[in-house]
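Hi,

Here is the structure I promised to pass on.

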Amino acid sequence: MSISMTCDILIERILSDSRPVIAITAPAGFGKTYILDALAERIARSGIDAGPWTICDHPTIRPNLSFIEKGQRYGIALRPGDTVAGLDRLRLYAQVMDLTGDDLLLTPDILSPQDWDRSAGWPVLLSPGACIRDVASLERQLVTFLADESLADLEEADLCVLATCGDNWPGWLIMRLPPLKYPSTLAYRYIENALPKAVEKLLILRLTDPEMRTDTSGILAQTLLQKPHNLEAVILRLLERKHTFQARTLFCKAGGWFLYYRLGHEAFLRLLSSLEAAGDDDLDELIISRAFVMIKTGDVAWAMQFLVRYFGPEMRDVLTVLSDNSQLSLRVRLFRITVLIYEDVAPTDRLLNALFDIGRDLPLDAPEQRGSFYNAMLEFFLRLRRYEEADGMAEKAMAAYRQADYPILCFYIALHQSVLSLLTSDFNRMGQSLRMAAGMLSNVGFDSPGDQRLLDLVHACMAYENGEPEALLAFLNQDLSGLMEGELWPSLADIAIYYGSHALSVHMSTRAGLRFLERWSVYQPLNRQFRLSLEVRKAQILQNGNGWGDAVRLLTPLSAGFNRVWIESAEEALARLSARNEITLALSWLRQIAYERPTFMHLDRKLEMMLGNSHLLVRQEIATTIWLAFVCRHTQQNSKARNLLRRVFELCASHGGLTALAEEWLFLDHLLQDKRMAEFVMAATPARAILRRLDKGRQSSLAAARTQLTQQELKILMMLAEGASNKLIARNCGITEPTVKFHLKNVYRKLGCARRHEAIATARALGWVR
């Protein structure tokens, strides 16, 4: 059966029907015009009186059917949703013959296999214009037809559904485009290729329509966010067509700089560069976006200079920015709070009050901005060691980011929560937070190697706390450069510095730990707080390696409002220290004094005051308790020393803290050499199991020694630690004394020492010898 024969059968149905109105209702492309033209031709050719017939195919020509003269007949083409006066009343009286798209579709049994494959029964694909061999030309024609006819009447919300649905076609679209029912046909592939371009064309037409509703760009932007790369394509196409204003409006309505978290670094940078190149005017959102890209690549100082250049020098003064007198927009002021996350600033009460004041102005319809505010507050409370408040801010930030549907920002909060758990030694919760972070990262729609690196770092630190150093050492070897060159907020930088320097100094050498810290000197080089933290950590690593004199030379010029003299005279004031750098510097001096002069007058009282400081981390509490036990043993307070050591292992059992024990091995080893003390602790606490785990990690130190020293050098170092003379070493090793001296010189160089006793002490501190 041919197509024309099918048309003839349908016309016969119409002519043989006595109802006065024939309403053919179908979307564009179903052949309504073709049928009505054929009907008119048939009427004219057959001699039927054409007078009673009125053919209405144009949407602007609609008869009034409220009154129909006797014998008058109408053939009307309608699209879904079209109305004609009086038509529904006639339907009630059964005076309308309704034909739908299903009546017009062609079936496989009346088409040749070739015609079915290229049309899937949709009449428009069998029209003469579609019967061309040039697929590219057909696709261009089909794009125009879909945009101008099939989809032109769609509301913005439906249009956006098509821009974001992928190949999960909604039912109403399949009714408009029947080939979508048949994925195996060539017609399906035609539609599949043309549809995205047609949708994009329509979106651009809507956005550039001078009579566009004011909320159209907002509706389109919010819906397109479900498929951010479609949004990127529409903005870039607007720019290509010189519709700069509309492109920038769509960019801002879609979130502006927050689009970074939708598109990923490369796509966002591509989009931002195109927007910047399209106009000379300085749009706040583009300036913020460029500064944010700088921050994400680790250039915090340059980002601040860039902001100052456009918004003025007040950008450097956070309190001025946050004040009610600021002329800056709320958007810019809120972004300045985000920048604070990456600056190593100790929040004051005045700053916190200003932050809470501006927090009350947060827009209720912008959950991503609320989340970023809470995220900043989380970071500040972490720095202040106010962990309960930090935890509360993390929960608020997570809720806001979930509402805004930003998986990557939810990942950052989960990672922050794992850092919080690491600082508070809550390792059960840390595992939960890391699993949540990994799940959130897997839902991100773009590659994010920098964020995966952050997750790997925190995972490695957790494994290190469990006595498994391999992951952290591998990370430091393979990923450290990438970590330092990318985004890194201060609380995470602190963790990287603490665990990285500890791992390298314990499992490699003191020199390796110091070199690691020197590399960090180029990170935020102008930040005084950061450099102070680095110098204090260098001193601690020197102390761990038995370089007590070098540690003093490093600590002496450092200032956090006090010096060694103040520490030696202070007691109650130690309990009131609150700033992070104040506490770490004070602890470094107390550690130095405890080792050098354990019998210093009232040193035990100073350490007890320090233990009463509510801002100490668990690892700092463990370390201070060990020093106090060390001091008590030297001042003949043996019972108190035993109880303090028991307290240390109880803390480690309840919170973890192998790294803190390993860090204080010089003190701990000295205490455990007291047989009575060791027996008491082993019997009264889970110390034996904890020390086994610690020893497992220290065995890795011995393995590391074998990678740093030759077999002969390691053998000589072992004998040196046992008190052997050069002559005895030469005899046992079968070498000459000058050769022993040559090997010892290499050992001293690798350990960073100059004398025999220093080499022994350093090797013991590193766990290379017992």
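**A buried lysine**

At 7% relative accessibility, Lys538 counts as buried (buried means under 20% relative accessible area, with a 1.4 Å probe and protein chains only). Before going on: this is a predicted model, where local features need pLDDT of at least 70, side-chain atom pairs count only at pLDDT 80 or more, and totals for chains, interfaces and linings use all residues. Residues are numbered from 1 along each chain as its sequence is written, and side-chain values use heavy atoms, leaving out hydrogens and water.

Lys538 sits in helix α29 (residues 528-544); helices here are DSSP runs of H or I, at least four residues, numbered from the N terminus. Leaving aside residues up to four places away in sequence, Lys538 touches Leu514, Leu517, Glu518, Ser521 and Leu554, where contact means heavy atoms within 4.5 Å.

**A helix pair**

Helix α16 (residues 300-311) packs with helix α18 (residues 330-342) at an angle of about 160°, and their axes are 11 Å apart. Axes are lines fitted to C-alpha atoms over the stretch in contact, and angles run from 0 to 180 degrees between N-to-C directions. α16 and α18 are therefore roughly antiparallel, the word for angles over 145 degrees. On the α16 side, the contact is made by Val300, Met304, Leu307 and Phe311, and α18 brings Val332, Phe335, Arg336, Val339 and Tyr342.

Best wishes

Notes. Helix = DSSP H or I, 4+ residues; strand = E, 2+ residues; numbered from the N terminus. Parallel < 35°, antiparallel > 145°, perpendicular 65-115°, else oblique. Buried < 20%, exposed > 50% of the residue type's maximum accessible area, 1.4 Å probe, protein only.
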